[in-house]
Amino acid sequence: MSEILNSKVLVLNRSYLPVHITSLRRALTLLYCEIALAVDCEYRTFDFRAWRALMPEGDTVGLVDRTMRVPRVILLRGFDRVPRREVRFSRFNVYARDRGQCQYCGRRFPRSELNLDHVHPRSRGGASAWENVVCSCVGCNRAKGNRTPGEAGMRLVRSPYRPQWTPFVVDTYRQRRHADWMPFLSVTETAEGLGVANG
Ligand SMILES: [Zn+2]
């Protein structure tokens, strides 16, 4: 039961743009409190009562008196903002942008084995910003030390950049793809998520 409640639900704003991924537990609360509507694969929306009345099929969740179909996509009713153009600079989002790949040796590592590296060293005035921070494995981090890549004779796999997409959506989407999300993720995001495009 708790496993299904922790499973992921895609959150759309009123323009049907993906803005977030949340747990089913939270999604049900939003639905019940009339903050969100459930969306089916034909883009139809349902309030809690209408959704509960649907025939249970696919993944289901047990309520007090009956079994309910699990909504995999919800739509916020009062959320007018389009997704922020500015993707928040954070550790998590840098990992997502670089997809767990050390930007010096090109190898992939679990998050716990990656550091964030200031390309132009922080101690020498390098900014903590999208354009100056990359994922680096411990070995490369040590080899580079307090130098620029040029000084250390190292090359970046890819110059760090400010992403336009929402890394959060792409990253989580890679971990567990729900077919029901597909129509709501843009072609670019879908390709990123599947590892097809390399941007
Ligand atoms: Zn490395």
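User: What counts as a donor to the zinc ion, and which atoms coordinate it?

Analyst: Donors are N, O and S atoms within 2.8 Å of the metal (3.2 Å for Na, K and Ca); water is not among the atoms, so sites may look incomplete. Here the zinc ion is coordinated by C102 (SG), C105 (SG), C137 (SG) and C140 (SG), at 2.3 to 2.4 Å. Along the chain the donors follow the spacing C-x2-C-x31-C-x2-C.

User: What kind of model is this?

Analyst: This is a predicted model, where local features need pLDDT of at least 70, side-chain atom pairs count only at pLDDT 80 or more, and totals for chains, interfaces and linings use all residues. Residues are numbered from 1 along each chain as its sequence is written, and side-chain values use heavy atoms, with hydrogens and water left out.

User: Why is the arrangement around the zinc ion called tetrahedral?

Analyst: Four donors count as tetrahedral if all angles lie between 85 and 135 degrees. The four donor atoms here subtend angles of 101 to 118°, so the arrangement is tetrahedral. The ideal angle for four tetrahedral donors is 109.5 degrees.

User: Why do C137 and C140 count as buried?

Analyst: Buried means under 20% relative accessible area, exposed over 50%, partly exposed in between (1.4 Å probe, protein chains only). C137 has 6%, so C137 is buried. C140 has 11%, so C140 is buried too.

User: What makes L116 partly exposed?

Analyst: Its relative accessible area is 23%, so L116 falls in the partly exposed range. L116 sits in strand 8 (residues 114–118); strands (E, at least two residues) and helices (H or I, at least four) are DSSP runs, numbered from the N terminus.

User: Which residues does L116 touch?

Analyst: Contact means heavy atoms within 4.5 Å. Beyond neighbours within four places in sequence, L116 is in contact with R91, V94, Y95, V133, V134 and C135. L116 and V94 are 22 residues apart in sequence, and their C-alpha atoms are 8.0 Å apart.

User: How do you know that D98 is buried?

Analyst: Its relative accessibility is 2%, so D98 counts as buried. D98 lies in helix 4 (residues 91–98). Leaving aside neighbours within four places, D98 is in contact with Q103, R108, V134, C135 and R158.

User: What makes the D98–R97 pair a polar contact?

Analyst: A polar contact is a pair of N or O atoms within 3.5 Å; within protein, one must be able to donate a hydrogen and the other to accept it, and residues adjacent in sequence count only if both atoms are side-chain atoms. The D98 and R97 side chains make such a contact at 2.9 Å.

Notes:
Four donors count as tetrahedral if all angles lie between 85 and 135 degrees; four count as square planar and six as octahedral if opposite donors are over 155 degrees apart and all others between 65 and 115; anything else is irregular.
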